[in-house]
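Welcome! Here are a few exercises to work through with the structure open beside you. Try each task before reading its solution.

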Amino acid sequence: MALRKSLPTLRSYDRHQLVEDPSHRQALLAQKRKALGSTVSGRLAAAVPESQIFLQAAFERGESTAPLTAQLLRLLDDYGAAELAAAVREALEHHTPRLSSVAFILARRHRQQRHRAPLPVNLSRRPDLENLTVSHPSLEAYDELSEDPQDRDHE
């Protein structure tokens, strides 16, 4: 077994510094198939590659990445990879690498999608429904039900 001479490992004792040796990740990927997705942060990185830039920006702002990663994973489970990736990209574009920003963007996008214009209905298979009309009945009868009968006597 040949010993490899390794380069000195970078280490930082400063706060808010993230030191990562890319060769470590490459070696892990070479050893373990699907290693990127086997960790919590790896699962997030595999599903939403933009999350790595987001987490780095949040880290530089002084946020702890471990709880942020866990919360982003919950959003991933709730909204899916495409929606989370779009929200992370938008947060990065607005220079707001915070979970609250991503959650706000996701909620806004969700509301907008629910209020889209209705899709046209194709009635070619049901020609009998093409001339269907829906009447708009007066709702005054319902208003009368909510009135107090004694108030009507005083009028």
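## Exercise 1: Helix 5

Task: find which residues of helix 5 are buried, where buried means under 20% relative accessible area with a 1.4 Å probe and protein chains only.

Solution. Step one: go along helix 5 and pick out Glu83, Leu84, Ala85, Ala86, Ala87, Val88, Glu90 and Ala91, which are buried. Step two: keep in mind that this is a predicted model, in which local features need pLDDT of at least 70, side-chain atom pairs count only at pLDDT 80 or more, and totals for chains, interfaces and linings use all residues. Residues are numbered from 1 along each chain as its sequence is written, and side-chain values use heavy atoms, leaving out hydrogens and water.

## Exercise 2: Helix 5 against helix 6

Task: work out how helix 5 and helix 6 are oriented to each other.

Solution. Step one: helix 5 and helix 6 (residues 99-114) pack at an angle of about 125 degrees, with their axes 9 Å apart. Step two: angles under 35 degrees count as roughly parallel, over 145 as roughly antiparallel, 65 to 115 as roughly perpendicular and the rest as oblique. Helix 5 and helix 6 are therefore oblique to each other. Step three: look at the contact (heavy atoms within 4.5 Å), where residues including Leu84 and Val88 in helix 5 meet residues including Ile105 and Arg109 in helix 6.

## Exercise 3: The loop

Task: is threonine 96 buried or exposed?

Solution. Step one: locate threonine 96 in the loop between helix 5 and helix 6. Step two: threonine 96 has a relative accessible area of 17%, so this residue is buried. Step three: leaving aside residues up to four places away in sequence, threonine 96 touches Phe54, Ala91 and Ser101. Phe54 is itself one of the buried residues of helix 3 (residues 50-60).

## Exercise 4: Helix 4 against helix 6

Task: which orientation do helix 4 and helix 6 have to each other?

Solution. Step one: helix 4 (residues 65-79) and helix 6 pack at an angle of about 10 degrees, their axes 11 Å apart. Step two: helix 4 and helix 6 are therefore roughly parallel to each other. Step three: among the residues making this contact are Leu68 and Leu72 of helix 4 and Val102 and Leu106 of helix 6.

Key: Buried means under 20% relative accessible area, exposed over 50%, partly exposed in between (1.4 Å probe, protein chains only). Helices (H or I, at least four residues) and strands (E, at least two) are DSSP runs, numbered from the N terminus. Axes are lines fitted to C-alpha atoms, for helices over the stretch in contact, and angles run from 0 to 180 degrees between N-to-C directions.
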